[in-house]
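Okay, thanks for making time, everyone. I'd like to walk you through one structure, a few spots at a time. Let me put it up on the screen.

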Amino acid sequence: MGDLRKVSSSPHIRDKVTSANIMRDVVIALLPASLFGVYHFGMKALLLILITIATCVATEYIYEKLMHKPITVGDYSAVVTGLLLSLNLPVGATWWMAVLGGIFAILIVKQLFGGLGQNFMNPALGARCFLLISFAGRMTNFAYDTFTGATPLAVLREGGTVDTLQMVIGNTAGTIGETSVIAILIGAAYMLYRGVINIRIPGTYLVTFLVFILLFGGHGLDGSYLLAQLAGGGLMLGAWFMATDYVTSPITTTGQIVYGVVLGVLTGIFRCFGASAEGVSYAIIFSNLLVPLIEKYTVPMAFGLVKEKGDKK
Amino acid sequence: MATLTFKGGVHPYDGKDLSKDKSIVPYMPKGDLIYPLSQHIGAPASPTVAKGDRVLVGQKIAEAGGFVSSPVYASVSGTVKAIEPHFVSTGAKVNSIVVENDGLYEEAPGLSIKPFDQMTKEDILGVIRESGVVGMGGAGFPTHVKLSPKEPDKIDYVLVNCAECEPYLTSDYRIMLERPEKVVGGLKVVLELFGSAQGCICIEDNKPEAIKILQKECEGESRIQVKVLKTKYPQGAERMLIHAVTGRDLNSGMLPADLGCVVDNCDTITSIYDAVILGKPLTSRIVTISGDAIANPGNFECRMGTNVAELIEAAGGFKTQEKKVISGGPMMGFAMFDLEVPTTKTTSAITCLANDAVSESPTTACINCGRCVTACDEGLIPARLSQFAEKFDLESFQKWHGMECVECGCCSYACPAKRPLAQMIKNVRRMVMANRKK
């Protein structure tokens with residue numbers, strides 16, 4: 001008879017999609033933004049990207065080796081974290097900041113909480129906020145080449161005017177990966193096409209944010225102001241690539257919509273009334289913390305069940 | 001008209017090309033036949049023969065053990081060799097009657113039936129009960145019980161489940177192509193029981209030939225129509241079928257009859273025809289032998305109790321090393337460790353796979369991607385349910401509606417981390433059900 005037959009519980013077949021496939025798709029989707037960042041900011045940007053990714057992967061490998069856990073660097077998730085973190089760094093960041101951020105993201109935010117799937121906030125954004133607090137000056141200094149360093153949002157805040165076309169193309173100051181709306185949208189379209197993400201979170205996020213700015217932004221229905229707010233800062237990168245992080249967003253359909261609304265409102269509050277012109281990173285990591293609560297109150301009714309009146313569970 | 005379908009579900013490779021063009025071949029068993037006394041839901045049947053007795057084809061060898069039970073008939077002529085526990089395809093050991101086949105196929109007189117137009121509803125139900133017909137789609141629920149709802153006048157739909165959404169299965173498809181008159185005839189028998197009901201033959205749109213043939217067969221039948229369903233697994237699940245055709249939603253606390261529906265599988269309906277019109281008790285069924293490890297996949301008219309290993313030989317045996325042999329289809333079937341088991345009333349297929357996706361895909365951590373949520377046709381959150389299951393948190397499991405799971409397996413199929421979600425949920429459902437019984 002040769003080999004024994006396998007026995008297991010049904011179903012006996014599996015879809016071809018694996019976690020590694022999905023993560024690889026995210027990396028592919030991030031390529032346009034990364035390439036534009038390198039084109040726009042030069043080789044220094046490439047160096048930072050590579051250093052951050054290498055640090056993240058190495059940290060994951062070393063930690064798992066030391067803890068005698070299965071090595072999971074092959075699942076691309078550390079690559080995604082590293083790439084996202086580097087795209088959130090200004091080109092003026094130093095190599096040791098990239099290393100520090102990478103270690104913080106993987107070791108503190110991800111592995112110490114149990115590794116893949118267990119982190120309660122987005123590792124890349126957690127590390128970015130850590131760097132932002134620790135090295136406020138360097139992290140907010142966007143000066144390079146001929147640019148003075150003020151981001152379009154900062155200019156707007158001071159009452160100046162910005163060229164929205166240049167913002168959409170990405171020809172402005174900002175972090176390595178956030179400037180080009182076009183490059184980010186190409187990546188987002190790829191992820192939507194591949195079914196990696198769905199429109200619920202980014203859609204509700206952006207719409208809520210837009211409504212908030214319309215109501216409280218103080219500029220009313222000013223098209224170019226609204227567009228600048230949408231295209232500026234980390235909003236596009238955050239909405240499409242970081243708010244959609246599976247692990248740190250709700251799994252329930254209604255929860256995803258609630259989450260998007262919370263993100264939009266928080267980002268609006270931070271941008272309109274906060275101390276900084278930017279607010280996406282903090283809005284996302286703060287909303288990450290609300291996810292268990294959101295899920296708890298958005299458990300869907302199962303098929304065929306009807307909510308009885310006065311039925312409190 | 002909008003396509004009839006449901007929310008959720010998956011599209012696995014269906015493998016039906018392997019056997020869909022193979023006509024039904026009657027198979028004559030060679031070795032001993034084994035008749036488990038429990039091939040249905042409910043009380044086991046009790047033997048009416050003893051060791052050494054000679055039995056004939058179509059002779060009753062075990063009596064129904066109660067109302068929710070079903071008799072068993074011999075499918076060959078020969079001698080009763082033993083009455084002893086025997087393994088069945090689910091891996092359980094069930095008390096069974098073993099008959100040594102004498103190869104003569106000597107027939108016993110059929111069921112005593114009146115001409116159909118003289119039958120009362122009670123007569124029809126009596127014949128169905130006596131014939132041993134049970135739900136042949138897999139559940140094995142005694143058909144006469146299903147056809148005896150409390151308020152028969154409230155039934156307005158009789159659905160024939162010809163969706164056959166399980167990959168590899170083509171037995172119902174072949175029945176529709178080769179015996180459409182029996183499908184329609186069986187449905188007419190059931191409609192006779194429910195005066196205000198509409199009969200629907202429900203077929204997925206990947207079987208255009210069957211749809212065409214049945215539409216032709218139904219011409220002039222005012223109470224019967226063919227419903228074309230979108231091809232998606234698990235369209236053939238009872239709740240999904242009722243939803244797609246009638247828009248009514250069934251939950252775990254209800255029976256289809258509560259929503260005015262009666263659902264019967266294709267092969268069940270033809271067996272009802274055989275019993276009520278032809279007076280033939282249930283002694284055989286159509287079994288698909290397929291999968292990429294089988295040399296000549298095909299559809300066999302298989303006498304109940306036939307040894308599975310023998311049937312596989314009839315389909316040319318294995319052409320490559322088989323890794324997994326499944327009784328039923330790959331989504332909901334049972335993996336067998338031993339092929340020396342009998343086919344029963346609920347064996348719709350034997351699927352033999354050269355690769356086992358389960359053991360070949362290592363399980364990794366849940367990344368919360370939500371693919372299981374999209375795939376779940378019951379609107380559940382399998383990822384969370386499986387986490388509760390791992391912790392045996394029965395309370396949260398029920399709060400998140402875990403008991404509504406129909407165990408279709410879509411979540412496990414869709415999971416990119418290859419987590420056995422359905423299995424974990426199944427285990428805990430069993431635990432909760434056992435606790436409720438206490």
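Predicted model: local features only at pLDDT ≥ 70, side-chain atom pairs only at ≥ 80, totals over all residues.

With helix 3 of chain A, the crossing is left-handed. The two axes come within 10 Å and cross at roughly 25 degrees. Anything under 35 degrees counts as roughly parallel, and therefore helix 1 and helix 3 of chain A are roughly parallel to each other. Who does the touching? From helix 1 of chain A we have Met23(A), Val26(A), Val27(A), Leu30(A), Ala33(A), Ser34(A) and Gly37(A), and from helix 3 of chain A we have Ser77(A), Val79(A), Val80(A), Leu83(A) and Leu87(A). Sorted by class, that contact has nine nonpolar, three polar and no charged residues.

On the helix 1 side of chain A, the residues include Val26(A), Leu30(A), Ala33(A) and Phe36(A); on the helix 9 side of chain A, they include Ile184(A), Gly187(A) and Tyr190(A). By class, we get 12 nonpolar, one polar and one charged residues in this contact.

While we're in chain A, look at Gly82(A), which is in helix 3 (residues 77-87). Is Gly82(A) buried or exposed? Buried is the answer, because there are 31 other C-beta atoms within 10 Å, and 20 or more is what it takes. Beyond its sequence neighbours, Gly82(A) is in contact with Thr52(A), Ile53(A), Thr55(A), Cys56(A), Val57(A) and Gly102(A).

Next, the core. The largest nonpolar core has 221 residues. Which element gives the largest share of it? That's helix 1 of chain A, with eight residues. The residues with the most contacts inside the core, though, carry chain B labels: Leu159(B), Val160(B), Val183(B), Ile201(B), Cys202(B), Ile203(B) and Leu311(B). Take Ile201(B): leaving out residues up to four places away in sequence, its contacts include Val160(B), Val183(B), Leu187(B) and Leu214(B).

As for the two chains meeting, 34 residues from chain A and 54 residues from chain B take part. On the chain A side, those are 15 nonpolar, 12 polar and seven charged.

Over to the helices of chain B. Helix 7 (residues 266-276) has 11 of its 11 residues buried, so helix 7 of chain B is largely enclosed by the rest of the structure. Among the buried ones are Asp267(B), Thr268(B) and Asp274(B). Helix 4 of chain B, residues 180-193, packs on helix 7 of chain B at about 75 degrees, with the axes 8 Å apart; that makes the pair roughly perpendicular. This contact has nine nonpolar, three polar and one charged residues. Helix 3 of chain B (residues 171-178) is mostly covered too, with six of its eight residues buried. Asp172(B) and Arg174(B) are among those six.

Most residues other than glycine have a negative phi, and most peptide bonds are trans. A cis peptide bond joins Ser10(A) and Pro11(A), with omega about -5 degrees, and Pro11(A) sits in the segment before helix 1 of chain A. Tyr233(B) and Pro234(B) are also joined by a cis bond, omega about -5 degrees; Pro234(B) is in the loop between strand 11 and helix 6 of chain B.

For positive phi, Tyr76(A) comes in near 70 degrees, in the loop between helix 2 and helix 3 of chain A. Lys418(B) is near 55 degrees, in the loop between helix 13 and helix 14 of chain B. Tyr76(A) is buried, with 20 other C-beta atoms within 10 Å, and Lys418(B) counts as buried with 20 C-beta neighbours inside 10 Å.

That's my tour. Over to you.

Key
Residues numbered from 1 in each chain as written. Chains lettered and ligands numbered in written order. Contact = placed C-beta atoms within 7 Å. Helix = DSSP H or I, 4+ residues; strand = E, 2+ residues; numbered from the N terminus. Nonpolar A, V, L, I, M, F, W, Y, C, P; charged D, E, K, R; others polar. Core = buried A, V, L, I, M, F, W, Y, C linked by C-beta atoms within 7 Å. Buried ≥ 20, exposed ≤ 12 C-beta atoms within 10 Å, placed from the backbone. Axes fitted to C-alpha atoms, helices over the stretch in contact; angles between N-to-C directions. Parallel < 35°, antiparallel > 145°, perpendicular 65-115°, else oblique. Left-handed = near helix turned anticlockwise from the far one by under 90°.
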